[in-house]
Structures are given as C-alpha cells and as structure tokens.
Amino acid sequence: MHPMSLKKIREEWFSNVRGDVLAGIVVALALIPEAIAFSIIAGVDPKVGLYASFCISVVIAIAGGRPGMISAATGAMALLMVTLVKDHGLQYLLAATLLTGVLQILAGALRLGVLMRFVSRSVVTGFVNALAILIFLAQLPELTNVSWIVYAMTAAGLGIIYLFPYVTKTIPSPLICIVVLTGISMYMGLDIRTVGDMGELPDSLPVFLIPDVPFNLETLQIIFPYAATLTVVGLLESMMTASIVDELTDTTSNRNRECAGQGIANIASGFLGGMAGCAMIGQSVINVKSGGRGRLSAFAAGVILLIMVVFLGPWVKQIPMAALVAVMIMVSIGTFNWASIKGLAQHPKTSSIVMVATVIVVVGTHDLAKGVLVGVLLSGIFFAHKVGRVLRITSEVREEGTVRAYTVVGQVFFASAENFVKSFDFKEVIERVQIDVSRARFWDISAVGALDTAVLKFRREGAEVEVIGMDEASTTLVDRFAIHDKPDAMDRLMGH
C-alpha cells in the first residue's frame with residue numbers, strides 16, 4: 001500500500017480514537033430514538049429505520065467524502081416515503097432505496113456535487129426551517145386524543161432535555177430523558193403507547209435480501225418518482241450538512257465522493273432491509289460537539305446502535321412514545337434556524353421571499369424537493385432581474401451632428417434585452433450610428449436578437465450602423481446567430 005494513503009487512513013480513522021468512540025456512543029444513543037421515530041413517520045416497522053441507520057453510518061464511514069459526518073435514516077427522507085409505503089408496502093420502499101443508491105452513485109460520477117453552488121443560502125435556510133416544521137407536525141398524531149399522562153410525560157421529557165445539560169454535558173440529555181421516562185413508565189405501570197406498540201423490534205442481525213417485487217417496467221414506474229426525489233433531497237441535505245461540518249471543523253470535504261458514498265450506503269441499506277437515508281444535520285453537529293472528528297465516529301455509532309438494539313431490545317420496547325416525541329420536538333427546535341426570523345426584517349427582501357416561499361411550498365406539499373426547486377427558480381429570477389437592471393446605455397453626438405455614438409455598459413441577456421432595444425432613439429434623423437459595446441457582454445440568443453433589432457431598425461430609418469469593440473466571446477455568439485449582417489436581413493426582420 002502507498003505510504004501516503006496509509007498516512008491518510010491513520011489520520012482519518014485513528015488520529016482521535018477515544019474522542020471518536022465516545023462521540024460514537026453518544027450518537028448511537030441519540031440515533032436509536034430518531035431511527036425508530038423516523039420509521040414511524042414513514043409508516044414502517046422500527047427495525048427498518050434501525051437497520052438503515054446501522055448500515056448507512058457504517059458504510060458511509062468507509063465510503064463517504066467527509067470524516068466526522070453522521071448519515072442514517074433521516075426525517076427528510078422518511079417524510080418522502082409515506083405515500084409509497086401506504087400505497088405499495090415495504091418491499092417497494094426497499095426497491096426504491098436501491099434505485100436511490102444507484103442514482104446517487106451516478107450523481108457522484110457526473111460530479112453533480114458542484115451544483116450546490118446554485119442553491120442560495122436563503123433556499124438552504126428555507127429547506128432547514130421547513131424540515132423542522134415537518135418533523136414537528138409529524139409528532140402531532142402522538143399528541144392528539146391522548147390522556148393527560150402523555151402530555152405530562154412529554155413536558156417532563158422536554159424539561160430533562162433542556163435542563164439536564166446545566167448539570168452535566170458528558171451524557172447526552174435526550175438519552176437521560178429516554179432512560180428516566182422509561183423508568184417512570186415501567187415503575188408506575190403507566191398505560192401509554194410505547195415503542196413496542198409501534199411494531200416489531202429486530203432481535204437478530206440484518207440479513208441480505210433482494211426486495212420481493214416484480215422486476216419489470218411497471219415497478220420502475222412506481223418507484224422512480226420516489227427514488228428521484230429521495231436522491232435529490234438526500235444529496236441536498238448531505239451537501240448542506242457537509243458545509244456545516246466543514247465550517248465547524250475548519251476542514252474541507254470531497255462533495256463528489258460524498259454523493260457516491262451516500263449511494264453505496266443506500267444500496268447496502270436496501271439489501272439489508274433498511275430504508276434510504278442521508279447525512280443528518282443534527283447528529284453530525286452532536287458528533288462534532290461531542291469530540292467526534294474521524295471516520296471512526298460514524299463507524300462506532302452504527303455498530304454500537306446495532307448491538308444495543310439487538311441485545312437490549314426488550315428494554316428499547318418499553319420506551320414510551322412520549323419520550324421520543326420530546327426528543328423529536330428537540331430535534332425540530334434545534335434544526336430550525338431561529339436567526340432567520342430576525343433576518344426577515346434585515347436581509348434583502350428578495351432573500352426573505354425566497355426563504356419564505358421555500359418553507360411554504362415544502363410544508364404545503366410535504367415535498368422537500370419541490371420547495372428547493374421553487375427556491376432555486378425564484379433565486380434565479382431575482383438574480384436575472386437584478387443583473388438585468390445594471391445595463392447602462394449613454395449617447396452623444398459627434399462629428400458636427402452627423403454621428404450619434406451610443407456606449408453600452410453591462411450584461412445583455414434575456415432579462416435585459418428589452419431595455420437594450422428601448423434605449424435607442426430610432427426616430428432621430430442622423431446619417432451614422434456608432435454602437436460601442438467594448439464594456440458590454442452578449443450572453444445568449446435573446447441578446448443577439450436585441451442587437452439585430454436595433455441595427456436593422458436604424459437601417460430602416462436610413463442610418464448607417466457600425467458596432468465596435470465587441471469582445472471575443474460575444475463575437476463568436478453574434479457571428480453564429482445574428483442576422484443583421486446577412487444579405488436578406490431586412491426581410492427576415494419583417495418576417496418575410
């Protein structure tokens with residue numbers, strides 16, 4: 001093996017063993033309630049989320065592009081599976097999970113990680129806020145038509161989660177919340193819903209299985225829309241988490257390797273009876289804050305999670321749902337970007353509109369991909385509008401009133417093409433017109449069309465036109481698509 005790669009392996013895996021293993025334990029304990037809660041959101045057995053979390057965090061530790069980042073079954077992904085599970089059942093979900101993995105590996109191979117550049121900060125904030133709201137809304141069924149004991153337990157759970165860190169931060173407070181509420185519930189024999197009521201917990205290690213679905217076009221038609229959405233949301237959340245962990249640890253991540261790594265992890269999860277997952281913003285932050293830096297932290301989290309669930313199953317079954325609801329409320333409060341509410345008044349109006357629109361679309365459609373799409377489109381429209389407004393055209397008369405010289409400064413493209421044409425005075429009686437575009441750039445065929453229109457209208461009024469100073473890139477475009485320098489230009493403009 002190359003000495004350089006050995007050094008890299010040592011650095012990424014074994015440079016922080018104690019910190020990584022301890023953080024891994026904390027993360028595993030926090031993952032159990034979340035994996036179960038996300039399975040319940042998706043409408044599948046708790047074991048589907050638990051196997052997924054074990055599998056994805058172990059595989060991503062090896063294949064991912066960012067040490068110290070935790071991936072597992074997530075709320076964002078669970079919310080997308082609800083209708084597929086309801087209409088077609090678990091086997092179709094496993095098939096969709098495999099397809100998601102394949103699409104994500106393709107995204108990595110096509111280097112789509114760089115597309116994150118087109119997702120503005122306002123869209124990311126909107127995505128995160130909408131995710132927090134959806135996770136909170138998914139808890140409401142557990143809090144409606146229930147006895148007062150459930151409300152009391154949930155309130156007590158939240159109290160423990162937020163107050164216990166003042167006592168000590170060495171043990172994660174969500175874990176204390178679960179242990180204490182489970183103890184109270186068992187000791188007092190309370191008649192409230194527990195994890196055991198939600199479905200079978202695994203009592204064995206996961207086994208390799210091929211989803212029991214017909215392998216034909218019809219199946220592909222059913223699962224493809226879900227797999228495509230899961231791919232987009234999974235990669236979006238993973239890329240965003242990567243940038244958050246990059247900032248926290250002051251290191252860089254390999255985006256394209258992360259895309260492919262997520263794909264490999266999801267394929268492994270699908271074959272072991274788990275659901276699709278992605279990077280987790282909350283858990284990755286918990287990991288880093290607990291001292292996890294290397295790949296070992298995610299690996300340890302997955303292995304410890306599986307050992308606990310398989311061997312401590314009877315205890316995990318007793319966990320009251322109220323404790324999980326408290327943990328999920330904490331996740332949603334922690335995920336929500338509260339500074340963005342204050343920012344609504346201070347940030348530019350367009351940024352705030354993009355953020356709010358993303359949230360409204362996501363919460364309204366329960367589809368994170370649609371919200372991001374609307375956010376990206378709005379950002380693009382506002383950006384084009386902004387850039388389109390900076391086009392400036394000035395003019396002066398030269399050579400004793402026989403030449404009108406126009407100077408164009410700025411970007412000419414679809415959003416500014418109309419203003420470009422409007423800036424010329426075609427009715428002025430003058431012999432020659434000079435258009436200086438040395439400080440302008442023509443970007444697309446709308447811009448070329450606008451130049452054609454201006455030149456040909458001047459000619460129709462009897463003026464000679466000269467375009468000067470065009471840069472190389474614009475010249476290439478104009479030479480290919482312009483018609484004002486072609487013999488039958490006038491006829492073409494008139495539409496003959």
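Q139 is buried, with a relative accessible area of 5%, where buried means under 20% relative accessible area, exposed over 50% and partly exposed in between, for a 1.4 Å probe and protein chains only. The model is a predicted one, in which local features need pLDDT of at least 70 and side-chain atom pairs count only at pLDDT 80 or more, whereas totals for chains, interfaces and linings use all residues. Residues are numbered from 1 along each chain as its sequence is written, and side-chain values use heavy atoms, with hydrogens and water left out.

Q139 belongs to helix α6, helices being DSSP runs of H or I with at least four residues, and strands runs of E with at least two, numbered from the N terminus. Setting aside residues up to four places away in sequence, Q139 touches I41, V325, M328 and I329, contact meaning heavy atoms within 4.5 Å.

The packing of helix α6 (residues 121-139) against helix α15 (residues 321-335) brings their axes within 8 Å, with a crossing at roughly 165 degrees; axes are lines fitted to C-alpha atoms, for helices over the stretch in contact, and angles run from 0 to 180 degrees between N-to-C directions. The two helices α6 and α15 are therefore roughly antiparallel to each other, on a scale where angles under 35 degrees count as roughly parallel, over 145 as roughly antiparallel, 65 to 115 as roughly perpendicular and the rest as oblique. Helix α6 passes α15 in a left-handed crossing, that is, the near helix is turned anticlockwise from the far one by less than a right angle, clockwise being right-handed. On the α6 side the contact is made by V128, A132, I135, F136 and Q139, and on the α15 side by V325, M328, I329, V331, S332 and T335. By class, this contact of α6 with α15 has eight nonpolar, three polar and no charged residues, counting Ala, Val, Leu, Ile, Met, Phe, Trp, Tyr, Cys and Pro as nonpolar, Asp, Glu, Lys and Arg as charged, and the others, Gly among them, as polar.

Finally, Y226 is placed in helix α10 (residues 217-249). Apart from neighbours within four places in sequence, Y226 is in contact with L80, T83 and L84.
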